[in-house]
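Notebook open, viewer loaded. I want to work through this fold one piece at a time.

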Amino acid sequence: MTDGGLTDYELGKYGRTFAPVKADCLLHDHDVVTPGNMRLVTLHHPVHSKGSCSYLFDVEDDKRSYKDLIANMPSIIIDRKFSEVKAYSAIADYYAYVLTHMKSLSFDIWLASHASQFNLHSKHLPGDGYNPEAFIDRAGFDAELAQLGKDYDKKLEEQRMSLFI
Ligand SMILES: [Zn+2]
């Protein structure tokens, strides 16, 4: 944050991609932040991008309360092997942690940082009315996590195979 992304393990190759930020405070795993009358639980899920988090929070409408997850899905953004990422040497371990930890989460509504990661465009079409049920999709979440787990295993396997070349 303080160098505008210059030292990011992957996006740093594009140089400074945002104005440097001086944080008022730094959040840690399971810290709670309370913007307005919301209560966001921070989950340290530092993959895809280093420093990323997921968030859990409750929302209510006139029918019921929903436990929402905004998930930082553990998709892999590098072409290189994990072992080549010198600027983030714990990256592979963090992927393993996030993949496991996410499976243990309970929630009603699943959202993610990128629309495509939770199929926003098929769940909510332009003009669709208010329908939180469209985002109640544990099976979709589990399937997406399973696919990302396979991507992770494949990456590790490629790394193992390259040791023999
Ligand atoms: Zn992204």
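**Ground rules.** I number residues from 1 along each chain as its sequence is written. This is a predicted model, so I keep to its limits: local features need pLDDT of at least 70, side-chain atom pairs count only at pLDDT 80 or more, and totals for chains, interfaces and linings use all residues.

**Whole chain.** I looked up the elements and got three helices and five strands. Helices (H or I, at least four residues) and strands (E, at least two) are DSSP runs, numbered from the N terminus. Read from the N terminus on, the order is β-β-β-β-α-β-α-α. Along its principal axes, the C-alpha trace spans about 60 × 35 × 30 Å.

I then checked burial. A residue is buried if 20 or more other C-beta atoms lie within 10 Å of its own, exposed if 12 or fewer, and partly exposed in between, with C-beta atoms placed from the backbone. Of the 165 residues, 13% are buried. For contacts I need two C-beta atoms, placed from the backbone, within 7 Å. Among contacts with a separation of 6 or more, 49% come from residues 24 or more positions apart.

S3 (residues 53-60) runs antiparallel to S4, and six bridges join them. The two form a hairpin with four residues between them. I noted two facing pairs: Phe57 is opposite Asp68 in S4, and Glu60 is opposite Ser65 in S4.

S4 and S5 are parallel instead, over four bridges. There Ile70 stands opposite Leu111 in S5. The chain gets from S4 to S5 through H1, and this β-α-β crossover is right-handed; that is, with the strands pointing away from the viewer, the path from the first strand over the helix to the second runs clockwise.

**Helix H1.** H1 (residues 91-103) has 13 residues and reaches 19 Å from its first C-alpha to its last, close to the 18 Å expected at 1.5 Å a residue. The expected span is 1.5 Å times one less than the number of residues.

Which residues of H1 are buried? I get Tyr95, Val98 and Met102. Seen down the axis, the buried residues fall within an arc of 70 degrees, so they line one face of H1; the arc is that of the directions from the helix axis to the C-beta atoms. What covers them includes strand S4 (65-71) and helix H3 (138-162). On the other side, Asp93, Thr100 and Lys103 are exposed.

**Ser113.** I found Ser113 in the loop between S5 (109-112) and H2 (120-123). Why does Ser113 count as partly exposed? Because Ser113 has 16 C-beta neighbours inside 10 Å. Leaving out residues up to four places away in sequence, Ser113 touches Asn72 and Met73. I also checked Ile70: its C-alpha is 6.8 Å from that of Ser113, with the two residues 43 apart along the chain.

Key
Pairing = 2+ DSSP bridges.
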